[in-house]
Amino acid sequence: MILAQGGHNPLIPIWQEIVVGSIGFALLCFVLIKFVFPKIEQSYQARVEAIEGGLERAQTAQAEANTLLEQYKQQLAEARAEAASIRDEARADAGAIKDDILAAAREEQERIIAAGREQLTADRQALLHELRTELGTLSVELASRIVGESLADEARKKGTVDRFLAELESAPAGRR
Amino acid sequence: MSDSIVLAQDLPWPPKVDDFFLDGLFGLDNWLTKFTLMVWLAVIVLIVLFTRAMRKPALVPTRGQWFAESVYGFVRDSIGKEIIGKDAHRFVPYLTVLFCFVAFTNIYGIIPLAQISPNTHYAFPLTLALISYIMFNWVGIKKKGAARHFKDMIYLPDAPMWLQPLLIPIEFISNLVVRPVTLSVRLFANMFAGHLILLVFTVGGFMLLGADNFALKGVSVVSFLLAIAMTLFEAFVAILQAYIFVLLSATYIEGALAEEH
């Protein structure tokens with residue numbers, strides 16, 4: 001057999017190498033399996049947890065953000081509604097105030113008009129009174145000038161003038 | 001040019017089986033040879049690399065940690081979980097060590113100064129194959145009991161009865177007798193042939209370069225180019241064979257664990 005030439009058959013294992021290989025491989029197995037591979041598994045696990053934890057955190061944050069957004073939207077809507085109601089109220093208030101002012105003004109106007117009227121009446125009475133007196137004096141004076149000094153004593157009795165004035169008073173009211 | 005001619009005359013030609021067997025160092029015969037030294041070195045380097053890489057594991061790994069995790073993850077996911085399934089976690093550590101060790105010792109074949117894989121010595125692949133062999137039988141016996149395990153190993157329940165006399169011996173031989181041999185010889189022969197090919201093209205290149213015929217000197221270029229190409233190919237084979245070795249070990253374990261054969 002050609003392989004056996006020179007005394008070596010490569011298919012016959014060298015027993016010392018089996019021993020060396022077994023010990024070396026066993027040592028390698030011992031160290032790697034006992035000390036290294038558990039760390040690799042832990043490392044994988046840690047990474048998985050980190051990623052899953054990160055995802056979970058992201059989801060929680062997302063949910064929180066959504067809730068907040070909803071809240072804000074709701075608050076905004078409430079604020080809008082409130083603003084609208086305040087505006088309406090203000091508008092109503094403004095209307096009421098305007099009415100009040102108008103009413104007050106009208107009252108004032110009426111009051112002023114009434115006062116004016118009263119004043120007017122009083123003035124006319126005073127005027128009338130004055131006119132009457134004056135008219136009496138003037139009439140007497142005129143009559144005395146026409147009839148003469150003699151009548152002056154009679155007229156001094158006053159009754160004549162007063163009667164005359166009373167007649168004037170009871171004259172038809174249409175002349176006023 | 002004259003140097004290479006002198007060199008060429010010293011080179012062993014043609015490559016022989018004896019080129020694979022070197023004298024023991026310091027008169028220690030087979031205990032301390034280039035091959036046993038390479039195995040020890042592989043063990044030490046792998047231990048140092050892995051322990052250093054995983055000394056302070058971080059969430060964002062360093063390059064070393066990333067590499068260690070990738071190798072482990074590759075064996076775990078593409079071999080362990082693919083082949084063995086839910087019981088994989090019990091065997092992934094062993095399979096990973098196996099993969100690293102075989103790949104590392106295979107790669108020696110193309111590392112300068114080493115230039116030969118320890119797996120060209122049948123003892124090393126045989127050792128590993130025997131460990132896998134003992135392991136798959138052990139887990140099978142432990143799970144199903146010896147009788148059931150060996151019955152599952154040799155008996156195909158779906159085959160017609162008249163075929164059983166033929167099938168049982170075949171199954172017995174293929175599953176229980178030659179499995180460690182096929183597993184180890186596949187690795188050994190690949191590494192052995194790979195080294196032989198590199199020897200042929202490299203040493204052959206020098207022989208052609210040192211030839212008297214000028215045309216033959218020119219042909220040496222082709223030989224060297226082929227040596228380079230084959231070196232790259234050997235790198236591929238080194239990893240591929242490690243993968244196949246681990247894949248088959250995992251398949252055997254899965255077969256032993258399976259409820260039905």
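**Where two helices meet**

Modeller: Gladly! In H1(A), Glu17(A), Ile18(A), Gly21(A), Ser22(A) and Phe25(A) meet Ala123(B), Phe124(B), Leu126(B), Thr127(B) and Leu128(B) of H5(B). Contact here is C-beta atoms, placed from the backbone, within 7 Å, and helices are DSSP runs (H or I, at least four residues), numbered from the N terminus. This is a predicted model, where local features need pLDDT of at least 70, side-chain atom pairs count only at pLDDT 80 or more, and totals for chains, interfaces and linings use all residues. Residues are numbered from 1 along each chain as its sequence is written, and chains are lettered from A and ligands numbered from 1 in the order in which they are written.

Biologist: How do the residues of the contact of H1(A) with H5(B) divide into nonpolar, polar and charged?

Modeller: Ala, Val, Leu, Ile, Met, Phe, Trp, Tyr, Cys and Pro count as nonpolar, Asp, Glu, Lys and Arg as charged, and the others, Gly among them, as polar. On that scheme the contact of H1(A) with H5(B) holds 6 nonpolar, 3 polar and 1 charged.

Biologist: Are H1(A) and H5(B) parallel or oblique to each other?

Modeller: Helix H1 (residues 15-147) of chain A packs against helix H5 (residues 123-144) of chain B with axes 8 Å apart, at an angle of about 50 degrees. Axes are lines fitted to C-alpha atoms over the stretch in contact, and angles run from 0 to 180 degrees between N-to-C directions. Under 35 degrees is roughly parallel, over 145 roughly antiparallel, 65 to 115 roughly perpendicular and the rest oblique. H1(A) and H5(B) are therefore oblique.

Biologist: How many helices and strands does chain B have?

Modeller: Read along the sequence, chain B runs α-α-α-α-α-α-α-α-α. Its secondary structure comes to 9 helices and 0 strands.
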